[in-house]
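Please read them with the structure open.

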Amino acid sequence: MKNIFKYMAGVLIASFAMTACSPEDFTGANGDIPQASDYADNFKVTVDQSTNYANFEFTSAPGITPVWIIDGATYSSAFSLSKYYRKKGTYTVECKVKNANGFSDGSVVKTFVVEKTKMTGFGGFVEDSNYNLFKGLELPNNPGNNDNPAHNPAFWYAPGWNMIDAPRCVLSKGAYTITLPEATTDQWQAQMAINTGLSISASKHYDFSVILTSSTAHKNVKVKICQADNDNIILMDKNFALDAGEPKALWGANLEIYSADPENIPVTDFSNVKVVFDFGGNAANTEVSIESFVLKDHANDDGTEIPKELVTPFDYNDAANIWKAVDENSTFTQELFFGDDGWGAIDCNPETTHEGSKHTIVVPVLTSAAEIWRAQWKFHTDLSATVDDTVDFSVKINSTVKLPGMIVKLTKDGDDENFFFANQEVIPAGDFVFKIENAKLSKAEDAPKLMLVFGFGGAPEGAVITINDITVIKK
């Protein structure tokens, strides 16, 4: 064992921002091996929570050098060093000492906490606020385990909709971690649900956020918040895009409970809030972490500056906007579909108009908000894209009423699984801007023709939806 540690000492890695104090001179070998426990108080670990740097300090002792074993993999003999931890959680460092005779018997373990994940962009609502309904709540471990009746099982399907075993989801260091071993192709093929036991009122509005990090890019992660025993009574149903390795807050503000089928299912209080994540369309061997759940009454201000939903669109008149010529020359073909609860086509005659950069539809019939695709408005075009293209996209949307959900999808015509994006948003009454940057096709295949699709199931009969200034800029 001594020889192993002597070898390790020769390959100590100093890959951190560090400054080392000068150790005391060794007095020569005498056969005595130091005991790590004798130097437990010499090891100090502090965390600067404003920067997420952990600082490791060893108080000098005669003839003794520290050995830090950080994250079980990296070794350093510096007397002072620092390491940046982006993700929140509880961490440990194993501490040994060495002298002229070799490494210590035993080791000392120091535990330290990083309180919050460092974010790019909006970081979500305040997790440790007393307004957070999740604060102090014990979430279930391994959602999807059928042996645990506290929550619904997960459902995982291979392409072709053959059910497969759900991967294990483990709660550790304040975050769920789930590894998705197999690729899926369609939405709802990779879903997990967490029954929280929380109660919320239909008379109030709420804010929600959660932080997700995916090891691979994922263009279409769905987060749905609903009543545990009725998925048609909904607080939030949104789709988000994740970049590889980039923590992102998935959120909604000023949310209110609504019914996906208001004619048959009344809006009620939630006796048990269920949070559903769907990773359908994931790449194989994707690892996802889920952390920092926040749900609060919108009336309670936790100091968070909520991003403005109405963002600045791209310039429709930009010479690089390839859609402008589509509008000017009317080089598009419309396709409309309104379906009943059995996906049978509803015999109706949607009224649509096109004038300049403006496209308008009057919704002819109410469809279920449980399936946004039951009301589809497609634009087939001769526009094309290659796998090397990157797209910036924006569109101005105006609705005469609030829409429970609206999907915007730019995809290969004839293969709607090869898309630049497929995002779902709740659309307020009035103006809204949908915008996405640096999107790429989801498959390694060209798109000889592109199709732009809007889905707005749940839009009430008579609602007037206007789509204006569609901007598609290829880079």
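1. Which residue in strand 14 is the bridge partner of Trp 156? The partner is Ala 190. Strand 10 (residues 155–158) and strand 14 (residues 190–195) run antiparallel and are joined by two bridges. Strands here are DSSP runs of E with at least two residues, numbered from the N terminus, and two strands pair if DSSP finds at least two bridges between them.

2. This is a predicted model, in which local features need pLDDT of at least 70, side-chain atom pairs count only at pLDDT 80 or more, and totals for chains, interfaces and linings use all residues. Residues are numbered from 1 along each chain as its sequence is written, and side-chain values use heavy atoms, with hydrogens and water left out.

3. An open sheet is formed by seven strands in the order 11-10-14-20-16-17-19, with antiparallel pairing. Strand 11 (162–164) and strand 19 (258–259) are at the edges; each has a single partner strand, so one side of each lacks a neighbour in the sheet.

4. Buried means under 20% relative accessible area, with a 1.4 Å probe and protein chains only.

5. Cys 95 is buried, at a relative accessible area of 0%. Cys 226 is buried too, at 0%. The count of disulfides (pairs of cysteine sulfur atoms within 2.5 Å) is zero.

Methods:
Buried means under 20% relative accessible area, exposed over 50%, partly exposed in between (1.4 Å probe, protein chains only). Helices (H or I, at least four residues) and strands (E, at least two) are DSSP runs, numbered from the N terminus.
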